[in-house]
Amino acid sequence: MEPVRAAFRVECERLERILHGLDGSALDRPTPCPPWRVRDLLAHVHTGAGRLVAMLAEPAPPRPEVTASGYFGAAKFASAVDRERIDGARAAAREHPGAVEVAREFGRAWRATDAAVAAEPPGRVVRTRHGDAMALTEFLRTRVVEVTVHGLDLADALDRPPWTTPAAAAVVVDVLTTGRPLPDRLGWDALTVLRKATGRLPLTGAEPAALAAAGIRRLAFGG
C-alpha cells in the first residue's frame, strides 16, 4: 500500500501546484480528450481522485475480484457509460468555474482520499461504481493511473512539458504491463510506455507484435 499511496500523493501534489499557477483562460483550452476542455478534464480527474471517500464509507465486499489492470475493461466504455462520463465531467466543471477554485477543490478531494485510505487496513476491499470488488490498494493504483495519464493530456493541452513524477510513472507502467517486462528492443522510456499503452501515441512497425509476444495489451482507459 505505502508505495502506491506515496505515488498518489506526490502526483496529486505536483498537479495541484500546476493548477495554482493557471489563469482562467487556460481552463478553456481544448484537450486531447474531446469534447472536454481543460476545465472538464480537470473535473473528471477531481472526481476520480476523490472517489474513494464515498466507497470507503460503504460496507466492504467479502473478497476482491478484479485487479487494477482488469479494472480498465472495454465494458466501461460502452456508449452509454462514456456519455455519462463526458456529461458528468462537464456538469461538474460548471460548479467550480474559476482557476483558484479548481485548484483548491482538487486539493481538498485528493487529501480527503489520502486521509480515508490511511485510516483503513491494507486488506480492505471496496466496490467500484461499476460493481467491481477490488482490494483497496488495487483501486488506489487505478487512481494513480487516472491522475498520471490525464496529467499527460493536461500537459499537452497547456503546452507544457510533462510533469509526471517517477513514483507515479512506476506504478502506472506496472499496471499497464500487468507487471510483465517490456521487450528490450522497444527501447521505450516510462513516458513512452504511458502514451503508447493508452493510445496517446500510435504503435508503429514491429511494436504491436512485440507487445503481443510479451503478453501486453493496450488497456481501455477512462474513469
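User: What should be kept in mind about the model and its numbering?

Analyst: This is a predicted model, in which local features need pLDDT of at least 70 and side-chain atom pairs count only at pLDDT 80 or more, while totals for chains, interfaces and linings use all residues. Residues are numbered from 1 along each chain as its sequence is written, and side-chain values use heavy atoms, with hydrogens and water left out.

User: How many helices and strands are there in the protein chain, and in what pattern do they follow the sequence?

Analyst: Helices are DSSP runs of H or I with at least four residues and strands are runs of E with at least two, numbered from the N terminus. The protein chain has nine helices and two strands, and along the sequence they follow the pattern α-α-α-α-α-β-β-α-α-α-α.

User: Why does the radius of gyration of the protein chain agree with that of a compact globule?

Analyst: The radius is taken over C-alpha atoms, and the globule rule is 2.2 Å times the number of residues to the power 0.38. For 223 residues a compact globule would have a radius near 17 Å, and the protein chain has 17 Å, so the two agree. Along the principal axes, the C-alpha atoms fill a box of roughly 45 × 45 × 35 Å.

User: Why is Arg-39 called buried?

Analyst: Buried means under 20% relative accessible area, exposed means over 50%, and partly exposed lies in between, with a 1.4 Å probe and protein chains only. Arg-39 has a relative accessible area of 13%, and therefore counts as buried. Arg-39 has its place in helix H2 (residues 38-56).

User: What makes the pairing of Arg-39 and Asp-28 a polar contact?

Analyst: A polar contact is a pair of N or O atoms within 3.5 Å; within protein, one must be able to donate a hydrogen and the other to accept it, and residues adjacent in sequence count only if both atoms are side-chain atoms. The side chains of Arg-39 and Asp-28 are joined by such a contact of 3.0 Å. Contact in general means heavy atoms within 4.5 Å, and, leaving aside neighbours within four places in sequence, Arg-39 is in contact with residues including Leu-27, Ala-93 and His-96.

User: Why is Phe-139 called buried, and which residues does Phe-139 touch?

Analyst: Phe-139 has a relative accessible area of 1%, so Phe-139 is buried. Phe-139 lies in helix H6 and, not counting residues up to four places away in sequence, touches Arg-51, Leu-52, Met-55, Tyr-71, Val-126, Thr-128 and Met-134.

User: Why does Pro-64 count as partly exposed, whereas Asp-159 counts as exposed?

Analyst: Pro-64 stands at 45% relative accessibility and therefore counts as partly exposed, whereas Asp-159 stands at 63% and so counts as exposed. Pro-64 has its place in the loop between H2 and helix H3 (68-71), and the C-alpha atoms of Pro-64 and Ala-135, 71 residues apart along the chain, are separated by 5.4 Å. Asp-159 is found in the loop between H6 and H7, and its phi is near 60°, a positive value in a residue other than glycine.

User: Which residues of helix H8 are buried, and against what do the buried residues of H8 pack?

Analyst: In helix H8 (residues 190-197) the buried residues are Val-193, Leu-194, Arg-195, Lys-196 and Ala-197. The buried residues of H8 pack against helix H6 (136-157), helix H7 (166-176) and helix H9 (207-213).
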